[in-house]
Amino acid sequence: MKKTLQYICAVVLTVTMGACNQSMEPEEIFETQKSGVVLVLNKFYYQVEMPSGQKLYFTGLDSNGELQGFTADEEEVKQHPAMLNGTGFFIDKEGTLVTNRHVAATELDEKQMKANLQRIIRALIMQCAYAQQQLEIQYDQLEQQRQQILAYGVGSESQLLQIVREQSRLKSLYQEVTATARKMRYNTSIDDIHIHVVCQIGISYDGVRVKSPSDFLKKNPCEIVKISDKKDVDLALLRLKSGKTPDDAHVFQIAGAGDSRYFTGDAEEQKLKIDQQLYMIGYNAGLMLANTEKGISAQMTSGRVSQTPDGDRVLYSIPTVQGSSGSPVLNDRGHVVAVNFAKLAGSDNFNFGIPIEKIREFLRR
């Protein structure tokens with residue numbers, strides 16, 4: 001009886017493993033796995049801490065290296081932050097997601113900062129001057145209101161007190177901005193200027209209606225678990241703050257040998273061949289293309305391996321646009337063979353993926 005049970009279990013296991021390793025039609029891959037691919041929203045801004053301790057804020061750099069959304073008021077930048085979309089996919093039942101580092105952590109490159117330091121310093125000084133002008137205008141407007149109340153008694157005592165308090169706040173801000181501008185004229189060391197990103201990350205699922213950032217950030221907030229510190233490995237791990245992957249969400253397996261929690265265990269499967277068929281499920285163009293009357297909708301695109309993988313990246317002919325960063329690239333068994341991260345310069349039809357070797361090393365550390 002015991003041998004019979006062992007035999008039955010062995011047969012069931014063999015059949016199950018065989019089913020997992022069978023090729024699937026593209027429609028089957030898409031329909032069974034799109035539930036595990038999510039649209040990521042990152043809402044962020046940058047905080048600049050000056051040598052004086054003064055904090056300034058901006059939302060990014062334009063193509064000329066000029067600061068965007070510069071302000072000395074954190075409340076203002078919180079109301080008008082930068083936002084970007086990307087793609088992520090579940091790899092376990094604990095709400096863990098893989099995406100790109102540049103989706104999860106929008107840190108400015110240190111070399112870029114150093115290369116643009118003089119320009120950034122000049123921009124900061126100019127923006128400080130502009131901020132001073134705006135603070136002066138606001139202060140003068142409040143002073144006119146205060147004088148009218150005192151001269152004609154057209155306002156209440158509480159209104160007068162509120163104006164005085166606001167003037168005091170503006171005056172303090174003006175002094176801080178003035179001190180910052182003065183110190184920046186004589187201090188151009190990148191080591192004395194500290195910049196870090198302040199971000200909120202959330203996700204949404206295929207078929208869910210979204211109307212505002214809160215549909216991501218409040219309903220499905222995420223935290224950053226790990227970010228690769230290697231320049232050529234554009235990977236990050238996110239985790240739902242709930243710590244639980246939805247029951248109906250697909251959990252992806254990664255092709256090849258590795259931690260049994262994430263990998264199929266088939267070492268041969270990770271060896272990609274020239275012209276091998278690949279598929280990608282993601283959110284090309286983010287909300288612009290994903291938003292439909294039935295909710296956000298993931299897209300599947302396909303292509304083929306177009307260059308012998310070198311262990312550092314995989315080149316394939318899958319067309320993408322911004323928003324597909326972090327998408328799983330799949331073989332015909334529906335297993336992850338790469339994570340999409342960049343397009344070939346000057347082309348939308350050839351893109352690069354992070355190969356399994358790099359993914360394995362990242363997950364192991």
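Good morning. Because this is a predicted model, local features need pLDDT of at least 70 and side-chain atom pairs count only at pLDDT 80 or more, while totals for chains, interfaces and linings use all residues. Residues are numbered from 1 along each chain as its sequence is written, and side-chain values use heavy atoms, with hydrogens and water left out.

I begin with confidence. The term pLDDT is the predictor's confidence in each residue, from 0 to 100. The chain has a mean pLDDT of 85, and 86% of its residues reach 70 or more. Helices (H or I, at least four residues) and strands (E, at least two) are DSSP runs numbered from the N terminus. Confidence is highest in strand E6 (residues 96-99), at 98, and lowest in helix H1 (residues 2-20), at a mean of 44. Over residues 4-19 pLDDT stays under 50, and the model has zero contacts there beyond four places in sequence; contact means heavy atoms within 4.5 Å. Where pLDDT is low, the predicted coordinates should not be read in detail.

I turn to the salt bridges. Side chains of opposite charge can pair when their charged atoms come close. A salt bridge is a side-chain nitrogen of Lys or Arg within 4 Å of a carboxyl oxygen of Asp or Glu. By this rule there are 15 salt bridges.

Which residue forms a salt bridge with Glu 166? The partner is Arg 169, with the closest N and O atoms 2.9 Å apart. Both residues lie in helix H7 (residues 157-184), three residues apart, about one turn of the helix. For exposure, buried means under 20% relative accessible area, exposed over 50%, and partly exposed in between (1.4 Å probe, protein chains only). Glu 166 is partly exposed at 26% relative accessibility, and Arg 169 is partly exposed at 37%.

Another salt bridge joins the side chains of Asp 232 and Lys 358, at 3.5 Å from N to O. Asp 232 lies in the loop between strand E8 (221-227) and strand E9 (236-240), and Lys 358 in helix H10 (residues 356-364), so the pair ties together parts that are 126 residues apart in sequence. Asp 232 is partly exposed at 39% relative accessibility, whereas Lys 358 is buried at 14%. There is also a network of salt bridges that links Glu 31, Lys 34 and Asp 206.

Next comes Thr 245, in the loop between E9 and strand E10 (277-282). Is Thr 245 buried or exposed? Its relative accessibility is 1%, so Thr 245 counts as buried. Beyond four places in sequence, its contacts include Phe 90, Asp 92 and Val 251. A polar atom of the Thr 245 side chain lies 2.8 Å from the backbone nitrogen of Gly 95.

Finally, the aromatic rings. Rings of Phe, Tyr and Trp (its six-membered ring) pair if their centres lie within 6.5 Å; planes under 30 degrees apart count as stacked, over 60 as edge-to-face and the rest as tilted. The structure holds six aromatic pairs. One of them is Phe 44 with Tyr 46, an edge-to-face pair at 5.8 Å centre to centre and 80° between the planes. Phe 44 is buried at 7% relative accessibility, and Tyr 46 is buried at 5%. Together with Phe 58, these two residues form one aromatic cluster. Thank you.

Note on methods. Polar contact = N/O pair within 3.5 Å; in protein donor to acceptor, adjacent residues only side chain to side chain.
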